[in-house]
Amino acid sequence: MDAPVQKVKLGKAAQTELSILREIQAAPYTSRVELARQSGLSTSAITGIVGSLIAKGVVVEGAGMPGVGIGRKRIGLTLHPSLGYVVGVDLGTFNLRITVSDLNGISISKRELPTQIWRGRDEVLRTTFALIHETVAEAGIDKSKLLGIGIAFSGVINVQEGMVISYPRPGQVESWRRFPLREICEQEFGIPCLLEDSVRAIATEERTVGGGRNYSDFVYVDVGFGIGSAIFIGGKIYRGCNGSAGEFGHMTVAENGPLCCCGNHGCLEAMASGATLIDIVKMAITKGVTSRVLELAGSMDGITLEVIAEAARDNDSLACRALSEVAQHIGTACADVVNLLNPEAILFGGALFRAAPELVLDHIKRMVRHRAMEKSANDVQLQIAQTKGDAGAHGIAKLVAERVIDRALTNRM
Ligand SMILES: [Zn+2]
C-alpha cells in the first residue's frame with residue numbers, strides 16, 4: 001500500500017467522500033449499487049466517487065467476500081486492507097480482550113486473558129500494555145501503520161477528557177478515581193487513544209454485525225456486573241450534551257431502595273444487576289432459605305449467574321424468584337425507556353442475558369406490555385443481542401477506525 005492514509009487530500013466533495021467511506025467501512029464488501037441505494041446518490045455519482053477513492057489507494061475492489069469462493073464472485077468494495085490498523089481493547093472486570101484490526105474492522109490477531117482486577121490498577125495496566133504489544137507483534141504489521149488504540153472500560157468515564165472518573169469495584173475505588181487512562185495509553189504507544197464506555201463499544205458491534213443491523217432507533221441494554229445502555233437515534237449513538245447519556249442503570253426504580261455505588265438510593269443497578277442478583281441469592285441462603293443453588297455451586301463463592309440459571313431451570317424456587325425479581329425491575333425501567341424514546345427495539349446483552357436469556361426476557365416483555373403506553377409498547381421489539389463476549393474489543397476497534405478515517409479526511413491528525 002503506497003498511499004498512506006495521512007496523504008489523502010481534501011477535495012470539494014470531501015464530505016461526500018467521507019460519508020461514502022463510512023458506508024464502505026460500516027459494510028465491507030459492499031457494491032456500488034448498494035452504496036447508491038444507501039446514500040441516495042446516483043450510480044454514476046457513486047462510480048465517480050469510488051473511482052477517485054480507488055485512485056487514491058484508499059478503497060479496493062474485488063477482494064471478494066470471505067467464504068464466497070464458489071459460483072459467481074461477488075465484487076466487493078473495502079477500505080484497503082493495509083491502509084492502516086487499530087487496536088481494540090476491552091478492559092473488563094473479568095476479561096481482558098484485545099484485537100488488532102484493519103480499518104474495515106476485520107480482526108488480524110486477537111488475545112484474551114482473565115483481567116484479575118483484584119491485582120490492582122498498576123499490575124492490570126502492566127499486563128494490558130504487555131498483551132497489546134504482543135498482539136500487535138503477532139499481527140506482523142508495519143508499526144507505522146498503527147493509527148489508533150481504543151480502550152473500552154466498564155467504569156464511569158469522561159470520554160472528552162479520556163479520564164476514568166470512578167471504578168466502583170470492591171477494593172478498586174481509590175486507585176482508579178480520576179485516573180487519566182487515555183493519556184497514559186498515548187504515552188505508552190505514541191498514537192491517539194480513545195477511551196470509551198464498554199457498553200457503547202459492545203453496542204457498536206451489535207449495530208454493525210448483530211441484531212442492531214435491522215434498526216436505526218434502538219437501545220442496547222447490558223446487564224452484567226453493572227447495568228449500562230447505549231442509545232441509537234438515526235443509527236448514531238446518542239451521547240448527550242457532555243457524553244454521559246445512557247446511564248440506564250442509574251434510573252431510580254425505588255425511591256427508598258438500597259444505596260447505589262453512584263450515591264443515589266434505589267437505582268436499577270442496585271436492584272437488578274448481575275452482582276445484585278448473586279447477592280440476593282447469597283443473602284437468602286445465609287438466612288436459611290433452602291435452595292439447589294448452593295449444591296450446584298459447591299460453595300457460596302461458587303455462586304454465579306450460570307449456577308442460578310441452572311437452578312431456575314430445575315424449578316428451584318429461590319433461583320426462580322430472584323431472577324423474576326430482577327427481571328421485573330429491568331422491565332419496569334424498560335417501560336419508561338419505551339415511553340420516553342419510542343424505540344424500534346431494545347436489545348439485551350451481557351452476562352445475565354447470556355446465562356438466562358429465556359428466563360429473564362419473558363418477564364421483561366410482560367412488564368413492558370403491562371406498564372408502557374400501548375402505542376409504543378405494541379411496536380417495540382424486545383430481543384436478546386446476537387453478539388458474543390468479544391463484542392467490546394471489536395466494537396471499540398470499529399469506533400477507533402471511524403475516527404481514523406474522519407481525521408485523515410479532514411486533516412485533523
Ligand atoms: Zn446509581
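Biologist: Which residues of α4 are buried in this model?

Modeller: The model is predicted. In α4, the buried residues are Thr 128, Ile 132, Thr 135 and Val 136. A residue is called buried because 20 or more other C-beta atoms lie within 10 Å of its own.

Biologist: How do you know that they are on the same side of α4?

Modeller: The arc they cover around the axis is only 95°, which puts them on the same side of the helix. An α-helix has 3.6 residues a turn, so residues three or four places apart point the same way. The buried residues of α4 pack against β3 (85-91), β4 (95-102), β5 (107-114) and β6 (146-153).

Biologist: Which exposed residues does the face turned away from the buried side carry?

Modeller: That face of α4 carries Asp 122, Glu 123, Arg 126, Ala 130 and Ala 137.

Biologist: How do you know that the span of α4 agrees with what it should be?

Modeller: At 1.5 Å a residue, its 19 residues (121-139) should span 27 Å, and the end C-alpha atoms are 27 Å apart, so the two agree. Just after α4, Gly 140 takes a positive phi of about 65°.

Biologist: In the sheet β12-β11-β10-β13-β14, what makes β12 and β14 stand at the edges?

Modeller: β12 (236-238) and β14 (381-384) each have a single partner strand, so one side of each is left without a neighbour in the sheet. The sheet is open, with mixed pairing.

Biologist: What makes β11 and β12 a pair?

Modeller: Two strands pair if DSSP finds at least two bridges between them. β11 (residues 227-233) and β12 have three, in the antiparallel sense, so they count as paired. Ile 233 stands opposite Lys 236 in β12.

Methods
Residues are numbered from 1 along each chain as its sequence is written. This is a predicted model: local features need pLDDT of at least 70, side-chain atom pairs count only at pLDDT 80 or more; totals for chains, interfaces and linings use all residues. Helices (H or I, at least four residues) and strands (E, at least two) are DSSP runs, numbered from the N terminus. The expected span of a helix is 1.5 Å times one less than its number of residues. A residue is buried if 20 or more other C-beta atoms lie within 10 Å of its own, exposed if 12 or fewer, and partly exposed in between; C-beta atoms are placed from the backbone. The arc is that of the directions from the helix axis to the C-beta atoms. Two residues are in contact if their C-beta atoms, placed from the backbone, lie within 7 Å.
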